[in-house]
Amino acid sequence: MAPKSDPNRKVVADNRSARYHYAIEDVIEAGIALSGTEVKSLRNGKATIGESYAGPSGNDLMLFNANIPEYLEANRFNHQPKRPRRLLLHRRQIDKLIGATQRQGMTVIPLKIYFNEQGRAKVELGLGKGKQNHDKREATKQRDWQRDKARLMRDKG
């Protein structure tokens, strides 16, 4: 996994609500199998992964419901915007993720789609459990308190 402040990493799509709805326990970087028009559309920065998830399909891990819009200049050679896309991981990683979803009731959530230093599209996957409403309220309270505390320290300080 690349560091968060890596200047060579161009983030294309970000699932900002994932950390609000899920308690993320593990983060894994995965490759994604794309067609040519999908890569061109991603380079334009037009993708949404807010409603997407990863799940097993046979022996592979697939990314479902990720919207990569059609590339306008491709006309008849275009791709389907919401087709399932294969995630490229080692067999051991796939088995770990599938086992966690089946045995422990966890979910594999895509957090970001970005291009790494070599220009390859990567997906940052988070393995987490869904939060209850009271956990979400507590997280919001903590975040607001930290913001207010920083504001007070800055003003007094």
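## Close-up views of a predicted β/α chain

Going along the sequence, the chain reads β-α-β-α-β-β-β-α-β-β-α. This is a predicted model, where local features need pLDDT of at least 70 and side-chain atom pairs count only at pLDDT 80 or more, while totals for chains, interfaces and linings use all residues. Residues are numbered from 1 along each chain as its sequence is written, and side-chain values use heavy atoms, with hydrogens and water left out.

**View 1. The whole chain, to get our bearings.** We have 4 helices and 7 strands here; helices (H or I, at least four residues) and strands (E, at least two) are DSSP runs, numbered from the N terminus. The C-alpha trace spans about 60 × 40 × 25 Å along its principal axes. Of the 157 residues, 35% are buried, where buried means under 20% relative accessible area, exposed means over 50% and partly exposed is in between (1.4 Å probe, protein chains only). Take the contacts between residues at least 6 apart in sequence, and 66% of them join residues at least 24 apart; a contact here means heavy atoms within 4.5 Å.

View 2. Tyr-71 sits in the loop between β4 (60-64) and β5 (85-88). Setting aside residues up to four places away in sequence, Tyr-71 touches Thr-37, Lys-40, Ser-41, Asn-44, Asn-78 and His-79.

**View 3. Thr-37 and its link to His-79.** Thr-37 belongs to helix α2 (residues 36-43) and is buried because its relative accessibility is 12%. The side chains of Thr-37 and His-79 make a polar contact of 2.8 Å. (A polar contact is a pair of N or O atoms within 3.5 Å; within protein, one must be able to donate a hydrogen and the other to accept it, and residues adjacent in sequence count only if both atoms are side-chain atoms.) Beyond its neighbours within four places in sequence, Thr-37 is in contact with Tyr-71, Ala-74, Phe-77, Asn-78 and His-79.

**View 4. Inside the largest nonpolar core.** This core has 27 residues, and those with the most contacts inside it are Leu-42, Leu-61, Leu-87, Leu-89, Leu-97 and Leu-125. At least two core residues come from each of β1 (10-14), β2 (22-32), β4, α3 (91-103), β6 (107-115) and β7 (121-130). By nonpolar core we mean a set of buried Ala, Val, Leu, Ile, Met, Phe, Trp, Tyr and Cys residues joined through side-chain atoms within 4.5 Å. Zoom in on Leu-87 and, leaving out residues up to four places away in sequence, you'll find it touching Gly-31, Ile-32, Ala-54, Leu-61, Met-62, Leu-63, Val-123 and Leu-125.

View 5. β7 is mostly covered, with 8 of its 10 residues buried. β7 pairs with β2 in the antiparallel sense over 9 bridges, and Ala-23 stands opposite Lys-129 in β7. Two strands pair if DSSP finds at least two bridges between them. The β6 and β7 pairing is antiparallel too, over 8 bridges, and here Ile-109 faces Gly-126 in β7. These two strands form a hairpin with 5 residues between them, in which Gly-119 takes a positive phi near 85°.

View 6. Strand β3 (residues 53-57) runs antiparallel to β4, joined by 5 bridges, with Tyr-53 opposite Phe-64 in β4. The β3 and β4 hairpin has 2 residues between the strands, and Gly-58 in the turn shows a positive phi of about 70°. β4 also pairs with β5 in the antiparallel sense over 3 bridges, with Met-62 opposite Arg-86 in β5.

View 7. Asn-65 is a residue other than glycine with a positive phi, near 65°. Asn-65 lies in the loop between β4 and β5, and counts as partly exposed because its relative accessibility is 29%.

**View 8. Arg-43 over Phe-115.** Arg-43 lies over the face of Phe-115, 4.2 Å from the ring centre. The rule here is that a charge sits over a ring if NZ of Lys or CZ of Arg is within 6 Å of the ring centre and within 35 degrees of the ring normal.
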